[in-house]
2 protein chains.
Amino acid sequence: MVRIAVDAMGGDYAPLAIVRGAEAASAEKVGEVVLVGDENVIAPLLKVRSGIEIVHAPVAVEMKESPSAALRKKKDSSVNKAFGLLKSGSVQAVVSAGNSGAVMAFAIFTLGRIPGVERPAILTIHPNVLGTRSILLDAGGTVDCRPSHLVQFAVMGNVFAKYALGVETPKVGILSNGEEETKGNELTRETHVLLKDADLNYMGYIEGTDLYNGMADVVITDGFVGNVALKVSEGMAEAIIGVLKEKVAGSIRARMGYLLLSGVFKALSRMVDYSEYGGAPLVGVDGVCIICHGKSNERAIKNAIVQAKGFVGKNISGRIKDAMQKYVSLAKGGKEH
Amino acid sequence: MVRIAVDAMGGDYAPLAIVRGAEAASAEKVGEVVLVGDENVIAPLLKVRSGIEIVHAPVAVEMKESPSAALRKKKDSSVNKAFGLLKSGSVQAVVSAGNSGAVMAFAIFTLGRIPGVERPAILTIHPNVLGTRSILLDAGGTVDCRPSHLVQFAVMGNVFAKYALGVETPKVGILSNGEEETKGNELTRETHVLLKDADLNYMGYIEGTDLYNGMADVVITDGFVGNVALKVSEGMAEAIIGVLKEKVAGSIRARMGYLLLSGVFKALSRMVDYSEYGGAPLVGVDGVCIICHGKSNERAIKNAIVQAKGFVGKNISGRIKDAMQKYVSLAKGGKEH
């Protein structure tokens, strides 16, 4: 059975939402869940028969703490203890809704990077209007990227779309300010040249409007742009839903309409609700790690544990290693010419 | 009376949508409209009594043409003739829904930049959930920006929010991947240091989620990120509306709800519909120029002409010149210390 360590101290609603999510996953026999955190706080929250193991780690990384400060001072934090369990082979995956910069810093420090990967990336999974899913990376892991980083993101994203989402030949695109080759900035233009020569189904530039229309299976961008793109989407969806609610509250006719459409609105909310998808895998580090939204509720944590189990079962991390090894040897071969 | 030149040959629906929009503005006595384009095509489209002047310019810049190629080969194009009319003082503003890169290139070439402005920016105006409007620049004019460019965008955006939107002390923020000072990329970090010393109501970083919540009046970003942010918003809104329509079509109950909510959906569409807002001013060039969405319909063109008249009346371009002069002399003063 898969064993998964869950950081009980990370997230806006920690530890309660984390404990409840872990219990929900455990109750559905998703795997053996290990809660890492302050035993004195967690134990009283646990239902007696849940059978969840606790690994005591009372130090928490704060949500607003600087990742580099946490890395220096908090090597005994719950999240780093969770990575220690993964490194030693005691668990096969780590789930955390904590400070994502710190989670990434400890993942690199304790697990290390997969050979050939210069920078890890946070990978997010989105629904699109085709009813399939697209992935975007980097969603905020590495803000100042070089072209080689983006090419490595493309290689990892391709493996992920293929084996985690089951897309036979994933279409890979670079997020840009226009489709034409003359568009793009310095970073995308150099990456474009490199990706044309990579062993991928590379389709060139896509635009922001294509993020939700299924045009590409794998959308490549640097962590700054990726983070802005995701948060702008979130902001737009919130604004639309906010205006809708305000208008509906002001009219009986509209309220009736809203009631009749409630099923549709639920479907819409699911489309934009991160808790449906659990979390975002951190790819490029040597092990399965899921970074959850800071606002994760019980449902999001449970879904992230289900996700983690799936990635372990499908050997996503091993397949990324193989792909990176092939990429590195091809790159070396190219240089010898 | 304000005279406005409208590029009749630019836009996906040119010339018909442009001619109809110009007629609508003219009928409402917005100003004297001059249509610049192929007389043989435009004249037959015009209603006899519209009284709109045509300036013959048969050469059109194609929507997908490279701006640098257009700049070399098409100095007699409709858009550049329109800028010529502005330069000579025959009109006070130019409106074009054509190839935005080419519009910008000809604007710089023929009008020149305002002293102190290194790069012009495309400024977009958005509704937000507070019911006020926020502005974003650059929305795609300059993709590879230096920190000084962003500071100049902030100075220009501040003038615009103050005098065009009537915000007394505009809050200026940099679009970033998080609010904390430790976030940002190389460009935003250097700009952050410069803006702290600028004579502006600078509030620091804002996130993508804040774009539609009214947190900032002026959102500063480079043209690459700005373009991605806007197009992602557009894509998200399209996806939500698409899913809504699909679900509604599948159920009688939902269809009834949709009918009852039709007023609400119209309000929502207006919120995300660029044609409501006309176009995006190109700021930093020496004259009033409105760049419209390529897909502009009659309504969008009419609204852009109304906008252009407003900017001329409020002397936005002159006020930007004054602010830039003050900024340049402050910057020089700073260097002398």
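## Backbone close-ups in a predicted model

**View 1. Lys29 of chain A, K29(A), is an exposed residue.** In this predicted model, K29(A) has 8 other C-beta atoms within 10 Å and is therefore exposed. The cut-off for an exposed residue is 12 or fewer such atoms. K29(A) sits in the loop between α1 (16-27) and β2 (32-37) of chain A. Its phi is near 55 degrees, a positive value in a residue other than glycine. Most residues other than glycine have a negative phi.

**View 2. K29(B) has a positive phi in a loop of chain B.** The loop runs between α1 and β2 (32-37) of chain B. Phi of K29(B) is near 55 degrees, and the residue is not glycine. Within 10 Å of K29(B) there are 8 other C-beta atoms, so K29(B) is exposed.

**View 3. A cis peptide bond links L137(A) to D138(A).** Omega here is about 15 degrees. D138(A) belongs to the loop between β6 (133-137) and α6 (147-163) of chain A. Most peptide bonds are trans.

**View 4. A cis peptide bond links A14(B) to P15(B).** Omega for this bond is about 0 degrees. P15(B) is placed in the loop between β1 (3-7) and α1 (16-27) of chain B.

Notes
Residues numbered from 1 in each chain as written. Chains lettered and ligands numbered in written order. Predicted model: local features only at pLDDT ≥ 70, side-chain atom pairs only at ≥ 80, totals over all residues. Helix = DSSP H or I, 4+ residues; strand = E, 2+ residues; numbered from the N terminus. Buried ≥ 20, exposed ≤ 12 C-beta atoms within 10 Å, placed from the backbone.
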